[in-house]
Amino acid sequence: MGNYLNTAAVCDAYSREFHSPYFVDKSLLLEQLIPRIETNASYICITRPRRFGKSVMAYMIASFFSRTCNADTIFHQLKISAADSYKNYLGKYDVIFISFHELPRKCRSYEQYIERIENRLLKDLKEAYPEAGIQDEDAVWDAFSSVYRACHSKKFIFVLDEWDFIFHRDFVTQRNQKEYLDFLSNLLKGKAYVSLAYMTGILPIAKYSSGSELNMFLEYTMASEELYGDYFGFTETEVDALYEKFRANQPNPAITREGLRLWYNGYRTKQGEQLYNPRSVVAALTNNNLGNYWTSAGPYDEIFYYIGQNTADVRDDLAKMISGIPVSANVREYAATSMNLTTKDEIFSAMVVYGFLSCYNGYVSIPNKELMERFRDMLMKEPSLGYVHQLAKVSGQMLQATLRGDTDAMLEILEFAHNTEIPLLNYNNETDLTALVNLVYLAARDAYRVEREDKCGIGYVDFIFYPETNPQADGIILELKVNDTPEHALQQIKDKRYALKFEGKLGEPLKYPGRILGVGISYDKETKKHFCKVEVLREKQF
């Protein structure tokens with residue numbers, strides 16, 4: 001076993017995943033890959049945002065096929081063991097596994113980077129196949145060809161993780177990028193020794209490759225291809241099962257199933273199935289805490305930089321998304337390969353690729369609370385975002401004024417928001433008023449789970465604020481009206497018994513014992529004035 005050839009490290013990595021408390025069995029991906037071995041469809045590139053399980057799937061594939069992993073101890077317990085092809089392919093191949101994110105010590109150049117990979121490959125092949133007569137000066141593809149000829153048509157499965165990592169390094173020039181593509185092409189394209197080449201990354205090949213170097217790969221992205229969509233990210237059913245395991249193992253569960261949905265759901269496959277961010281779900285269950293587990297690095301920060309520098313139409317659409325309104329976008333996933341993003345579609349395309357936005361049916365949106373917090377932080381810090389930044393800054397004041405019942409302060413903030421001449425608002429209907437309320441209560445998301453059009457009592461309330469971080473705090477029910485009165489809005493809250501949402505199930509302890517505030521906000525299109533009223537619907541329960 002070598003550095004890259006049948007390495008034990010990848011088997012150990014998958015074993016650790018398998019034995020983790022919140023392991024999800026995605027082994028049926030293997031059943032889809034097996035028929036493609038040694039066919040003209042044997043070159044596969046999977047691109048997904050970071051933290052969507054690409055590396056775990058790469059570990060699984062390498063562990064299953066590698067002849068030195070003794071993987072039956074794990075895989076006989078997984079779904080793939082029921083497949084007819086299971087015994088015929090388990091442990092039958094020599095596997096080359098390369099994590100391209102690994103750098104040599106004190107790496108300062110592309111030459112150092114690629115020489116480390118080439119030297120390790122040559123060393124592995126020379127030690128494993130001495131009969132092939134490999135020389136130190138051989139190119140690695142020539143060395144593989146020598147093994148193929150000397151060892152009875154020996155073939156390999158290649159599993160290449162994070163293929164695009166090197167494109168984000170400062171020391172890599174455009175010439176280096178071309179050299180790297182040539183390296184991959186010479187290693188893999190049209191080679192008799194390749195049984196399967198499975199490659200992962202964030203960025204698709206299309207923009208990097210001129211169309212010939214790596215055109216043997218079929219690419220599968222989240223936004224454009226249905227195939228393999230269920231294997232990257234957690235489905236609703238999988239999160240249900242994980243949550244039941246969490247409840248069984250955690251004596252004092254501090255998170256709810258609904259909380260997992262709110263925080264980490266919201267991505268979609270091309271066919272529309274909703275997906276959860278797997279790393280964040282596992283972290284939340286492990287820590288018994290709903291929080292922001294998003295780690296930002298490199299291109300992620302750059303995306304925010306370009307938004308802050310761009311045109312008003314980007315800011316307007318950003319305001320809509322923060323208000324919960326999806327916006328149309330022509331998503332081209334290859335746009336993220338260049339950081340010279342100038343158009344709205346390029347910026348939103350990059351944000352989809354890096355996982356900041358979800359894309360479905362021609363629209364992009366902010367997927368969940370975890371990402372909404374990232375956007376909120378950006379809005380608070382970026383004056384270049386103009387009115388969106390201003391509204392974010394006053395949103396904390398709006399929440400405090402509401403909790404005090406200070407309707408004068410609330411009206412002052414609403415009028416301020418209206419007078420900023422927000423381009424997305426025409427104030428023709430309650431949808432526009434809803435967008436404004438989302439913005440002026442943006443800071444409430446820190447302490448509250450804010451739901452729109454939630455089923456309550458005998459109807460659907462416009463907004464309900466659940467005090468998740470401090471259940472003793474006040475709950476808020478907010479109803480909107482256009483060309484009507486806040487008193488009518490409050491009466492609707494009472495008549496339709498929206499406050500029952502805070503009472504919980506019969507016989508269970510009261511989850512939200514704090515006050516319940518009813519808030520009515522209205523807008524008169526003729527006078528162009530806002531009106532609001534706050535009423536205590538229930539005093540604090542002791």
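## Overview

Among contacts in the protein between residues at least 6 apart in sequence, 71% join residues at least 24 apart. The model is predicted. It holds 19 helices and 15 strands. The protein has 542 residues, and 55% of them are buried.

## The open parallel sheet

Strands of a sheet pair through backbone hydrogen bonds, in either a parallel or an antiparallel sense. Here, 5 strands form an open sheet with parallel pairing. Their order is β2-β3-β4-β1-β5. Two strands sit at the edges: β2 (94-99) and β5 (218-221). Each of these pairs on one side only. On average, neighbouring strands of the sheet are turned by 15 degrees against each other, with direction ignored.

Inside this order, β3 and β4 are neighbours. Strand β3 covers residues 156-161 and strand β4 residues 194-201. The two run parallel and are joined by 5 bridges.

## A buried strand and its partner

How many residues of strand β13 (residues 475-482) are buried? The count is 8 of the 8, so β13 is largely enclosed by the rest of the structure. G475, I477, E479 and K481 point one way. I476, L478, L480 and V482 point the other way. Residues on both sides are buried, the charged E479 and K481 included.

Strand β14 (residues 516-524) pairs with β13 in the parallel sense, over 8 bridges.

## Helix α14

Helix α14 spans residues 344-353. Of its 10 residues, 7 are buried, so α14 is largely enclosed by the rest of the structure. The buried residues are I347, F348, S349, A350, M351, V352 and V353. After α14 comes G355. The phi of G355 is positive, near 90 degrees.

## Helices α16 and α17

Two packed helices are described by the angle between their axes and the distance between the axes. Helix α16 covers residues 387-404 and helix α17 residues 407-419. Their axes come within 9 Å and cross at roughly 155 degrees. Angles over 145 degrees count as roughly antiparallel, so α16 is roughly antiparallel to α17. The crossing of α16 past α17 is left-handed.

Which residues make the contact? On α16 they are Q390, L391, V394, Q397, M398, A401, T402 and R404. On α17 they are A409, M410, I413, L414, F416 and A417. By class, the contact of α16 with α17 has 10 nonpolar, 3 polar and 1 charged residues.

Is E373 buried or exposed? Its relative accessibility is 16%. Buried means under 20%, so E373 counts as buried. E373 lies in helix α15, which runs over residues 369-381. Not counting residues up to four places away in sequence, E373 touches W263, N292 and D446.

Terms used. Residues are numbered from 1 along each chain as its sequence is written. This is a predicted model: local features need pLDDT of at least 70, side-chain atom pairs count only at pLDDT 80 or more; totals for chains, interfaces and linings use all residues. Side-chain values use heavy atoms; hydrogens and water are left out. Helices (H or I, at least four residues) and strands (E, at least two) are DSSP runs, numbered from the N terminus. Buried means under 20% relative accessible area, exposed over 50%, partly exposed in between (1.4 Å probe, protein chains only). Contact means heavy atoms within 4.5 Å. Axes are lines fitted to C-alpha atoms, for helices over the stretch in contact, and angles run from 0 to 180 degrees between N-to-C directions. Angles under 35 degrees count as roughly parallel, over 145 as roughly antiparallel, 65 to 115 as roughly perpendicular and the rest as oblique. A crossing is left-handed if the near helix is turned anticlockwise from the far one by less than a right angle, and right-handed if clockwise. Two strands pair if DSSP finds at least two bridges between them.
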